[in-house]
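Open the structure in your viewer and show it as a cartoon.

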Amino acid sequence: MRRLSLFLACVALLASALPARAEPLKVVATFSILGDLVRNVGGKAVEVTTLVGPDSDAHVYSPTPADAKKIADAKLIVVNGLGFEGWLPRLVQSSGSRATIVTASNGITPLRLGTDADPHAWQSVNNVKIYVANISAALASADPAAADQFMANTQAYLAKLDALDREVRDAVAKLPPNRRKVISTHNAFGYFAAAYGIEFVAPLGVSTESEPSARDLAKIITQIRQAKIPAVFLENITDPRLMQRISAETGARVGGTLYSDGLTGEKGDAPTYIDMVRHNIKALTRALGD
Ligand code: ZN
């Protein structure tokens, strides 16, 4: 009996001396880009779940019952803020979650999109460095035992973002100044335009939802000619004949896909944030170069 209690005392002593192998910190990110940032900062010490997955649109998202469960289990919920996740407050409330909500965009200078704040702040790499600092601080306060690891991951990732920012600036600097202009139905590149000096012109009178009519097309062609726009990124025009006509009548190059609000799956062109920015800058420089 005495031996057993000695054994139990030793076990208790060992258990108190050795930190228990920690469970990964459960974090929910609202959309794929934030999920990637949290993974880079958290590494193995976090288990990240993303609500709006790759190739989906966070603006018009409808949460599912499974999302409420994910949120209920999470210790932290990382959101973009700036009005991007209008569907989130009700989801958090209905899930009964007591998770801490971390607004990744805290501290950035918001631009406007019409009368509202423009939520697409991640299109400037320097803003994403602020996102990463906010995420890092939140993870460290939720799991202080892993704080050193988070700090090391953060430093390594910030160095990659610095290099990425330089890469974008160098690529734009090589473009002739009068060619730093595209026409695009995307309204998501305001921060990119402000940070890097490529102008995104909205096509006049064209809905982002539907294919343009013949009259719309004539207006776009006039606009491209008058504003001397060298490239078009009009992804809502899915009919290749329309794009060929615009290109033939204006001389503008037809650009490829620009990713704005979400990453692709693993096998796509933009499975990570860094891949997304690289993909976009390649598509833009291919269309705008000499
Ligand atoms: Zn958007």
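Helices (H or I, at least four residues) and strands (E, at least two) are DSSP runs, numbered from the N terminus. By that rule the protein chain has ten helices and ten strands. This is a predicted model, in which local features need pLDDT of at least 70, side-chain atom pairs count only at pLDDT 80 or more, and totals for chains, interfaces and linings use all residues. Residues are numbered from 1 along each chain as its sequence is written, and side-chain values use heavy atoms, with hydrogens and water left out.

Start with the whole chain. Its C-alpha trace spans about 95 × 40 × 35 Å along the principal axes. Of its 290 residues, 46% count as buried (under 20% relative accessible area, with exposed over 50% and partly exposed in between; 1.4 Å probe, protein chains only).

Next, select residues 32-42, helix H2, and residues 125-142, helix H5. Their axes (lines fitted to C-alpha atoms over the stretch in contact, with angles from 0 to 180 degrees between N-to-C directions) come within 10 Å and cross at roughly 55 degrees. Which residues of H2 and H5 make the contact? On H2 they are Leu34, Leu37, Val38, Val41 and Gly42; on H5 they are Val128, Tyr131, Val132, Ile135, Ser136 and Leu139. Contact here means heavy atoms within 4.5 Å.

Last, select Ala147, which lies in helix H6 (residues 147-173). Ala147 counts as partly exposed because its relative accessibility is 23%.
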